[in-house]
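Reader: Please take me through the charged contacts and strand pairing of the structure shown below.

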Amino acid sequence: MSDPKTMRYICLVPTGLLVLLIVGVLAGLSIQLPLSRTLDTLASAEIRSALRLTLLTSGAATIVAVILGVPAGYFLARNAFRGKLFIDTLIDLPMTMTPLVAGMGLLFVLSHESVRHTLDVLGIELLLSPYGAILAQVLIAAPIMTRTSRSAFAALDRRYEQAAQTLGLRPRQVFIRISLPMARPVLLSGMVLCWARAVGEFGATLMVAGATRFRTETLPIAVYLNMSSGELGLALVCAWLLIMTGFGVLLVMRWIGSPLWADGPPERIGA
Amino acid sequence: MRKLKLLVFGALFSLALGTCQGAWAGGLHIYAGAGLRQPVDRLVQAFETQTGQRVFIDYGGSGQLLTKIEALGQGDLFIPGALFYITQLEMMGKIRSYRPIVKHTPVIGVNIHQTGRVTTLSDLARAGIRLALGDPKAMALGRTALSILERSGKKDAILKNVTVYGATVKQLALYVSQGVVDAAIIGRADVFQSRAKIAMVPIAKEYFEAEIVAAAVLHCSANPVLAEKLSKHLSSHQAMAVFRQYGFLPLDE
């Protein structure tokens, strides 16, 4: 059993099975894809609108997730306080929640009389609008950014930060000039992961923004609507657009060369 | 200790696998519209007790279920929210027989705090009303709603008030009950089941033809006799009483 060759074969079987499963899924999706109609479908106004909206909402959601997640991750990595375990777990919670449930929670909060009145006074339209889609995606993606940032900052060698402080840099300057650049590869891959999650988000978006064609119809919602109306070809083209987006994102991650996705074990950054 | 852990893990895995296999072994497999869940659950439970046969129900949007039946080519009975879906399968030669059960009547569901503002179909055209409709391609009630608006002669004015289209009737009912919109064209049964939060405004009969809920025995059924028996059970007088409890109306009413 300890023979390296035997071990290699033992590992090869599950690897092969996993690859077979994924290839099987992709093959299943390609068999049904109406190739002759693909170009027409891609050019259709509905698909172009869904793609544009998906890119816009997921891009905006990623920016908000970074703005919220990076400082939150830094705070959690650098501070010990009473109830930290609870807060830490709470921030992770949306990752384990069914997005549909998270969306329902958002819907209940935003439709509450007092919240709705406040938003109306401020002129902010979140429910049933593309902004609602962004908010739903933030709820699902921001915990990923927080988790990634927390790991990135926790892995940094604090001596660099301490040295910078003794040389006269203020904490904010240390964060911007030392911590952020050192954690950049992991943060970038976290950002890409966040974006990928936002692109594929369905349940929460459906609840908060609705499924209005040409208004709140993102690609995952287009897949669902077209599946429900029996337009399987259209649904599959949207699905392939999503798959290709995901594939592109993973390629970018490898290109970034993040320690999260590199072949070897993660190294202690700055060590 | 390690052996014990392996043993426990193995036992749990076998149990999980066994349960999954059990779920697909024998009995009847039916596909039913998600909006019919409560009455169908009760009636199927009674059928299981009577016959001693297991019935596995796959709930979902009728359109999604149609796609699933097309792709899988398996299952015994199909109970969508509208006859339209059965007709689609019938044209493909996938239906053995079908039996109408109840009517799916469209009504205007109005948020309980907005009842003064919407009392007729025409009120949906009033400025400031926030209306939700079903996606006409994805939902049977979405198509029905559009045809109601066309017959009312106020389609354009009413469509201007549509703030959202939904993918399922339950999603629309949730928007109304939460006050996200003032009103929506939904099923009578959906309003009936949320009557504490949604008021019902009937739509004149000349504006629509009620959708028919029917049970269709599929050609691919492995047990057509038992499937037919269940179909009969679902359309019996006793079944009608159960459907009525959830707001559905008999075909002759």
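Reader: Is B:Asp190 buried or exposed?

Author: This is a predicted model, and the classification rests on relative accessible area, where under 20% counts as buried. For B:Asp190 the value is 3%. B:Asp190 is therefore buried.

Reader: Which residue forms a salt bridge with B:Asp190?

Author: The closest N and O atoms of the pair are 2.8 Å apart. B:Asp190 lies in helix α8 of chain B and its partner in helix α7 of chain B, 20 residues apart.

Reader: How many residues apart in sequence are the parts tied together by B:Arg99 and B:Glu228?

Author: The side chains of B:Arg99 and B:Glu228 meet in a salt bridge at 2.5 Å, N to O. B:Arg99 belongs to strand β4 (residues 95–104) of chain B and B:Glu228 to helix α9 (residues 224–234) of chain B, so the pair joins parts separated by 129 residues.

Reader: With which side chain does that of B:Arg54 meet in a salt bridge?

Author: B:Arg54 counts as exposed because its relative accessibility is 51%, and the cut-off for exposed is over 50%. At 3.7 Å, N to O, its side chain meets that of B:Glu48.

Reader: Which residue is the bridge partner of B:Gly134 in β7(B)?

Author: Strand β6 (residues 131–134) of chain B pairs with β7(B) in the parallel sense over four bridges. Strand β7 (residues 162–166) of chain B is mostly covered, with four of its five residues buried. The partner of B:Gly134 there is B:Gly166.

Terms used:
Residues are numbered from 1 along each chain as its sequence is written. Chains are lettered from A and ligands numbered from 1 in the order in which they are written. This is a predicted model: local features need pLDDT of at least 70, side-chain atom pairs count only at pLDDT 80 or more; totals for chains, interfaces and linings use all residues. Side-chain values use heavy atoms; hydrogens and water are left out. Buried means under 20% relative accessible area, exposed over 50%, partly exposed in between (1.4 Å probe, protein chains only). Helices (H or I, at least four residues) and strands (E, at least two) are DSSP runs, numbered from the N terminus. Two strands pair if DSSP finds at least two bridges between them. A salt bridge is a side-chain nitrogen of Lys or Arg within 4 Å of a carboxyl oxygen of Asp or Glu.
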